Amino acid sequence: MHLSSTLLHTVKPYVSEALIGKKSFADILEVASFLPEKLTTFFGFECPLGSREPISDFLLRISAKPYGRETLARKYAREAIPQQWYVHPAWQKVEAFTRAWRDRGSALYLEADDIWLEFDIHQNRSEAIPVPSFFFGLPGAKENAASRKSAGEVIKIGLESISGRPLRPATLHLMARIENALPQGARIFQV
């Protein structure tokens, strides 16, 4: 079963067309029709402020547990996501991260809690392939205390898996400055 079925039966009847119009919801359903329902237990909508047009973006969280990572990781995600989407560089980066995320020997396996895919539906209507913005999450403070890697190290590993090359020294320096500038108790939530 695909995520579009869940949206159609459990969300659409309760969402005002003044908030998400018919066309916008149809565009969201089109993207969701390719995504397995088992991929996520958390999804949302993002409506632009100050707009009178009833449009929305669509986002979903894919958590490491219970099923998200494994569903996305099957054969490097090619069973979960349509194979033709992988011609796009953004999806190739999702696949590269997922490959590292499912590797039990990778720090990302232990340290990256989730990923988010956000589809800017109203901006990408002309795209033949839905192109997501991609984010990965770091563990919370309790989990981080027992963590083997610092947030900076996990971010570095994640970004290098996406780019396929080492980060530049200037980027590493900037990341260290950002991490050191965080106030007491603050944490980096998503990258």
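1. Start with the pairing of α7 and α8. Ala151, Gly152, Ile155, Lys156 and Leu159 in α7 meet Leu172, Met175 and Glu179 in α8. By class, this contact holds five nonpolar, one polar and two charged residues. The charged side includes Lys156 of α7 and Glu179 of α8, both listed in the contact. Note that this is a predicted model.

2. Now the geometry of that pair. Helix α8 spans residues 169–181. The axes of α7 and α8 come within 10 Å and cross at roughly 145°. The crossing of α7 past α8 is right-handed.

3. Helix α7 also packs on α4. Here α4 covers residues 89–102 and α7 covers residues 151–163. Their axes come within 7 Å, with a crossing angle of roughly 130°. Angles of 65 to 115 degrees count as roughly perpendicular and those over 145 as roughly antiparallel, so α4 and α7 are oblique to each other. This crossing, too, is right-handed.

4. Which residues of α4 and α7 meet? From α4 come Lys93, Ala96, Phe97 and Ala100. From α7 come Gly158, Ser161 and Ile162. The contact of α4 with α7 divides into four nonpolar, two polar and one charged residues. Lys93 is the charged one.

5. The second largest pocket touches this region. About 160 Å³ of space lies in the second largest pocket. The residues lining the pocket are Lys93, Leu159, Ile162, Ser163, Arg165, Pro166, Leu167, Arg168 and Thr171. Helix α7 gives the most to this lining, with three residues. By class, the lining has four nonpolar, two polar and three charged residues.

6. Helix α1 runs over residues 3–11 and helix α2 over residues 22–32. Their axes come within 7 Å and cross at roughly 145°. Leu3, Ser4, Leu7, Leu8 and Val11 in α1 meet Phe25, Ile28, Leu29 and Ala32 in α2. What classes make up this contact? There are eight nonpolar residues, one polar and no charged.

7. Last, the cavities. The count comes to two cavities of 30 Å³ or more. About 30 Å³ of space lies in the second largest cavity. Lys12, Val15, Glu17, Ile20, Gly21, Lys22 and Phe25 line the second largest cavity. This lining divides into three nonpolar, one polar and three charged residues. Phe25 is in the cavity lining and also in the contact of α1 with α2.

Notes: Residues numbered from 1 in each chain as written. Predicted model: local features only at pLDDT ≥ 70, side-chain atom pairs only at ≥ 80, totals over all residues. Heavy atoms only, no water. Axes fitted to C-alpha atoms, helices over the stretch in contact; angles between N-to-C directions. Helix = DSSP H or I, 4+ residues; strand = E, 2+ residues; numbered from the N terminus. Parallel < 35°, antiparallel > 145°, perpendicular 65-115°, else oblique. Left-handed = near helix turned anticlockwise from the far one by under 90°. Contact = heavy atoms within 4.5 Å. 1 Å grid on protein atoms, 1.4 Å probe; cavity = no way out; pocket = protein on both sides within 12 Å on 5 of 7 lines; lining within 4 Å. Points joined across faces, edges and corners; volume = space filled by probe spheres on them.
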